[in-house]
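Open the model in a viewer and keep the sequence panel beside it. The stops below are given in the order in which to select them.

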Amino acid sequence: MDWHTRYTQQATWTRNLRAYLFEKAELGHAHRVLEVGCGTGAILHELVTPASLFGLDINPTVLAECRMHAPMTVLVQGNALSLPYQDQSFDIVYCHFLLLWVHDPLQALLEMKRLTKPGGHVIAFAEPDYSQRIDKPDELIPLGNWQTESLKQQGANPGFGAQLAESFFEAAIKLHETGTIQGMDKEPSPDEWEMEWAVIESDLSGIVPDAEIQKMKKLDQQAWSQGERVLHVPTYFAWGQV
């Protein structure tokens with residue numbers, strides 16, 4: 001799996017939202033900005049700002065790749081539950097498809113808040129809620145159930161998106177705006193579809209018989225080609241101020 005390509009694909013889903021929220025958070029006037037769970041740098045390398053950029057990830061392998069894609073970023077290996085930075089040291093702290101993977105997302109938000117200067121901003125750009133996933137035609141419903149179960153087995157909370165706003169309140173981060181991301185359920189390009197299925201096949205390997213996976217893959221391809229496919233996973237964002 002080419003994870004940078006995958007993370008770049010995910011970054012395209014939130015590009016318009018990021019532009020909107022970074023403008024609201026006055027990214028152009030920020031001095032220090034941190035991405036928690038920066039991965040391979042799919043977002044950091046796109047940021048245009050005079051601010052000093054910082055990235056943290058728990059995985060040293062993806063950090064090594066991030067150094068190639070975002071060479072001007074100061075990178076640190078660390079855990080979102082205990083961020084290795086001083087209090088009130090950043091103007092903006094953000095994450096992207098991260099909190100569903102953290103076993104204590106409230107603690108992660110409290111850490112992000114701790115690092116943020118008074119008046120600064122905390123942003124969670126994308127957290128899905130697979131409990132409300134919609135698959136059409138009905139023959140593809142098992143696929144969504146399998147993917148949800150796979151996420152659980154990998155240690156994720158696939159329904160965390162619905163809890164995002166409440167978690168901001170619990171962390172005492174003043175919530176300015178929250179909602180679902182629009183436009184994520186459009187028909188994928190052939191390359192996007194192949195990438196999505198590479199992830200599905202990897203996630204379901206050893207969980208679902210390969211014959212069943214390939215059956216679903218064929219049904220999915222046919223449904224898209226016939227204009228009958230509906231795939232919707234509500235994905236939430238939240239933007240708040242300290």
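Is Arg 6 buried or exposed? At 7% relative accessibility, Arg 6 counts as buried, where buried means under 20% relative accessible area, exposed means over 50%, and partly exposed lies in between (1.4 Å probe, protein chains only).

Before moving on, note that this is a predicted model, in which local features need pLDDT of at least 70 and side-chain atom pairs count only at pLDDT 80 or more, while totals for chains, interfaces and linings use all residues. Residues are numbered from 1 along each chain as its sequence is written, and side-chain values use heavy atoms, with hydrogens and water left out.

**Stop 1: Arg 6 and its partner**

Arg 6 and Glu 196 form a salt bridge, with the closest N and O atoms 2.8 Å apart; the term requires a side-chain nitrogen of Lys or Arg within 4 Å of a carboxyl oxygen of Asp or Glu. The two residues are 190 apart in the chain, Arg 6 in helix α1 and Glu 196 in helix α7. Helices (H or I, at least four residues) and strands (E, at least two) are DSSP runs, numbered from the N terminus. Glu 196 is partly exposed, at a relative accessible area of 23%.

**Stop 2: α1 against α7**

Select residues 3-13 for α1 and 190-204 for α7. These helices pack at an angle of about 120 degrees, their axes 11 Å apart. Axes are lines fitted to C-alpha atoms, for helices over the stretch in contact, and angles run from 0 to 180 degrees between N-to-C directions. The pair is therefore oblique, since angles under 35 degrees count as roughly parallel, over 145 as roughly antiparallel, 65 to 115 as roughly perpendicular and the rest as oblique.

Show side chains next. Thr 5, Arg 6, Gln 9 and Trp 13 of α1 are in contact with Glu 192, Met 195, Glu 196 and Val 199 of α7, contact being heavy atoms within 4.5 Å.

**Stop 3: Gln 147**

Go to helix α5 (residues 141-153), which holds Gln 147. Gln 147 is buried, with a relative accessible area of 8%. Apart from neighbours within four places in sequence, Gln 147 contacts Arg 133, Ile 200 and Leu 204. From Gln 147 to Val 199 the C-alpha to C-alpha distance is 10.0 Å, across 52 residues of sequence.

**Stop 4: other salt bridges**

The whole structure has twelve salt bridges. Select Arg 229 and Asp 220, which meet in one of 2.5 Å, N to O; both residues are buried. Salt bridges with shared partners join Arg 133, Asp 135, Asp 220 and Arg 229 into one network.

Then select Glu 46 and Arg 18, whose closest N and O atoms are 2.6 Å apart in a salt bridge. Glu 46 sits in the loop between β1 (32-36) and β2 (52-57), and Arg 18 in helix α2 (residues 15-24). Arg 18 is buried at 4% relative accessibility, whereas Glu 46 is partly exposed at 27%.

**Stop 5: backbone exceptions**

Most residues other than glycine have a negative phi, and most peptide bonds are trans. Which peptide bond is cis? The bond from Lys 136 to Pro 137 is cis, with omega near -5 degrees. Pro 137 lies in the loop between β6 (134-136) and α5.

Finish on Gln 88, a non-glycine residue with a positive phi of about 50 degrees. Gln 88 is in the loop between β3 (74-77) and β4 (90-95).
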